[in-house]
Amino acid sequence: MLALSTKPLMNLYDEKPFGSNSKMGVTLIVKCTKCAGLMLTAKGQKTKVCPYCGTHVNLLRVQRVAASDSAFEASEMLRKLKSEKGFDKK
Ligand SMILES: [Zn+2]
C-alpha cells in the first residue's frame, strides 16, 4: 500500500521552476575535451555526452569553466560565455 503522507513535500518541490535540478546542488560549466564546446553538468556526474560532437566526456578530467549553485544562473553564465567567444555567431 502506498502512503500519501509525502504529498505536502512533493508540493514544495513543485514550486521550484527547475524541479529536478534544484535538488542536485552545484551546476558546473565544463569544456568538452574534444571540441572545446561549453556545456552544463551537475556536480557529481561522472560522464556526459557532448551536445556538440557526441563525445562521452569524462567529467573528472574535463576543464571546469565555472560553477553555480543555481541551474538557472549557470545556464545564464553559459549563454554569456558562448556569446563572448562567438559561438553563436552565424
Ligand atoms: Zn564536444
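Me: Which residue of β5 is the bridge partner of Ile 29?
Reply: Ala 66 in β5 is the bridge partner of Ile 29, bearing in mind that this is a predicted model.

Me: How many bridges join β1 to β2, and how many join β1 to β5?
Reply: Five bridges join β1 to β2, which run antiparallel, and β1 also pairs with β5 (residues 63-68) over five bridges, again in the antiparallel sense.

Me: Is β1 mostly covered or mostly open?
Reply: β1 is mostly covered, with four of its five residues buried.

Me: What does Val 30 touch, then?
Reply: Leaving out residues up to four places away in sequence, Val 30 touches Met 39, Thr 41, Leu 59, Val 62, Gln 63, Arg 64 and Val 65. One of these, Arg 64, is also the bridge partner of Val 30 in β5.

Me: Which residues make up the largest nonpolar core?
Reply: That core has seven residues, namely Leu 28, Ile 29, Val 30, Leu 38, Ala 71, Ala 74 and Leu 78. The elements that give two or more residues to the core are β1 (27-31) and α3 (71-85).

Me: Where do the buried residues of α3 sit around its axis?
Reply: The buried residues of α3 are Ala 71, Ala 74 and Leu 78, and they lie on the same side of α3 because they cover an arc of only 55° around the axis. As background, an α-helix has 3.6 residues a turn, so residues three or four places apart point the same way.

Me: And which exposed residues does the opposite face of α3 carry?
Reply: The face turned away from the buried side of α3 carries Glu 76, Lys 80, Ser 83 and Glu 84, which are exposed.

Me: What span does α3 reach from its first C-alpha to its last?
Reply: With 15 residues, α3 reaches 21 Å from its first C-alpha to its last, which is close to the 21 Å expected at 1.5 Å a residue.

Me: Changing topic, what phi does Ala 36 have?
Reply: Ala 36 has a positive phi of about 65°, although it is not a glycine. In general, most residues other than glycine have a negative phi.

Me: Where does Ala 36 lie, and how many C-beta neighbours does it have inside 10 Å?
Reply: Ala 36 lies in the loop between β1 and β2 (38-42), a hairpin with six residues between the strands. Ala 36 counts as partly exposed because it has 13 C-beta neighbours inside 10 Å.

Me: What about Val 49, is it buried or exposed?
Reply: Val 49 lies in strand β3 (residues 47-49) and is exposed, because 12 other C-beta atoms lie within 10 Å. Leaving out residues up to four places away in sequence, Val 49 touches Gly 54 and His 56, and the C-alpha atoms of Val 49 and Met 39, which are 10 residues apart along the chain, are separated by 9.6 Å.

Me: Last one, what pattern does the protein chain follow overall?
Reply: The secondary structure comes to three helices and five strands, and along the sequence the pattern is α-α-β-β-β-β-β-α. Buried residues make up 13% of the 90 residues in the protein chain, while residues 24 or more positions apart account for 43% of the contacts with a separation of 6 or more.

Conventions:
Residues are numbered from 1 along each chain as its sequence is written. This is a predicted model: local features need pLDDT of at least 70, side-chain atom pairs count only at pLDDT 80 or more; totals for chains, interfaces and linings use all residues. A nonpolar core is a set of buried Ala, Val, Leu, Ile, Met, Phe, Trp, Tyr and Cys residues joined through C-beta atoms within 7 Å. A residue is buried if 20 or more other C-beta atoms lie within 10 Å of its own, exposed if 12 or fewer, and partly exposed in between; C-beta atoms are placed from the backbone. Two residues are in contact if their C-beta atoms, placed from the backbone, lie within 7 Å. The expected span of a helix is 1.5 Å times one less than its number of residues. The arc is that of the directions from the helix axis to the C-beta atoms. Two strands pair if DSSP finds at least two bridges between them.
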